[in-house]
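Biologist: Please take me through the charged pairs here, and set each label against its definition.

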Amino acid sequence: MTKRTTMELKRLARENLIGNYIPVIFAMLTAFFMPIALLGPFTPRKIGKLSFEWIIPALAAFILAVLGQLLVVCVVRIHILLARKQRLVYKDMYWAFFNQPDRFLSAALLLEAVFILPAVPSAFGMYYLAVQNTHAGKILLASAAVVFLAAEIYIAYMLELVYPLCIDRPQMSAVEGFRMSCTLMRGNKMRFLRLQLSFIGWYLLGVCSAGIGFLWIIPYIGQTSANFYLDLTGQLDQTQQDGGTDYEDGV
């Protein structure tokens with residue numbers, strides 16, 4: 001199995017998106033704005049010092065953020081379906097809510113824990129260094145921030161495939177998805193990093209367009225990432241040979 005180049009994965013992504021941009025953009029906007037809209041009624045009336053009134057909004061924001069990941073899973077699945085040259089239907093927008101949502105919620109909670117728990121001691125350490133306000137403290141603070149950011153990126157890349165794997169394999173638990181993602185990404189993190197860096201120019205274009213361009217850029221990036229996943233698991237070869245495939249575990 002030959003791993004495809006960044007240019008090839010992006011070319012396939014553009015082909016996948018031809019005629020499919022509208023449903024993908026709709027799914028993306030739904031995943032982004034629906035949790036925000038639902039959070040509206042819980043927003044505190046007064047913005048000031050932290051108080052008991054902030055507990056319910058904070059709790060609501062956390063719950064909606066986790067539930068919102070089900071919509072993110074739906075977007076990921078849509079990209080996978082397009083990569084397999086399968087036709088989209090309306091119910092794909094909400095597929096994760098009716099297909100073992102507990103697995104995806106478990107995966108979302110684990111992902112939150114993996115990223116948040118290490119950040120707690122790091123945040124306290126950075127706060128302490130900032131309060132010291134010394135030259136050495138500022139150097140240590142900058143170094144700690146760089147190390148922490150690098151660690152977060154490393155973890156994110158190791159767990160990049162958790163949702164796609166859980167989508168394709170209904171019997172796979174969230175923990176197993178974490179393990180398999182780490183296994184598949186071992187030796188492929190730099191390849192994925194190069195893939196992400198290749199979109200820097202597109203990000204700049206999105207910024208220059210006052211954000212409007214991201215309506216097309218983000219689906220392009222998501223579709224390329226889906227092709228990366230299928231290429232890594234050997235499914236992209238079968239898709240290209242058959243001109244479309246129904247992967248039983250993922251349907």
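Modeller: The side chains of Arg-84 and Asp-168 form a salt bridge, with N and O 2.8 Å apart. The model is predicted: local features need pLDDT of at least 70, side-chain atom pairs count only at pLDDT 80 or more, and totals for chains, interfaces and linings use all residues. Residues are numbered from 1 along each chain as its sequence is written, and side-chain values use heavy atoms, with hydrogens and water left out.

Biologist: Why is the contact of Arg-84 and Asp-168 called a salt bridge?

Modeller: The term requires a side-chain nitrogen of Lys or Arg within 4 Å of a carboxyl oxygen of Asp or Glu. The N to O value is 2.8 Å, so the pair qualifies.

Biologist: What makes this pair a tie between separate parts?

Modeller: Arg-84 lies in the loop between H3 and H4 and Asp-168 in helix H7 (residues 162–168), so the pair links parts 84 residues apart in sequence. Helices (H or I, at least four residues) are DSSP runs, numbered from the N terminus. Both Arg-84 and Asp-168 are buried, meaning under 20% relative accessible area (1.4 Å probe, protein chains only).

Biologist: Why is Arg-11 called partly exposed?

Modeller: Partly exposed is the range between buried and exposed, the latter being over 50%. Arg-11 has 31% relative accessibility, so the label applies. Glu-8, at 26%, is also partly exposed.

Key:
Helix = DSSP H or I, 4+ residues; strand = E, 2+ residues; numbered from the N terminus.
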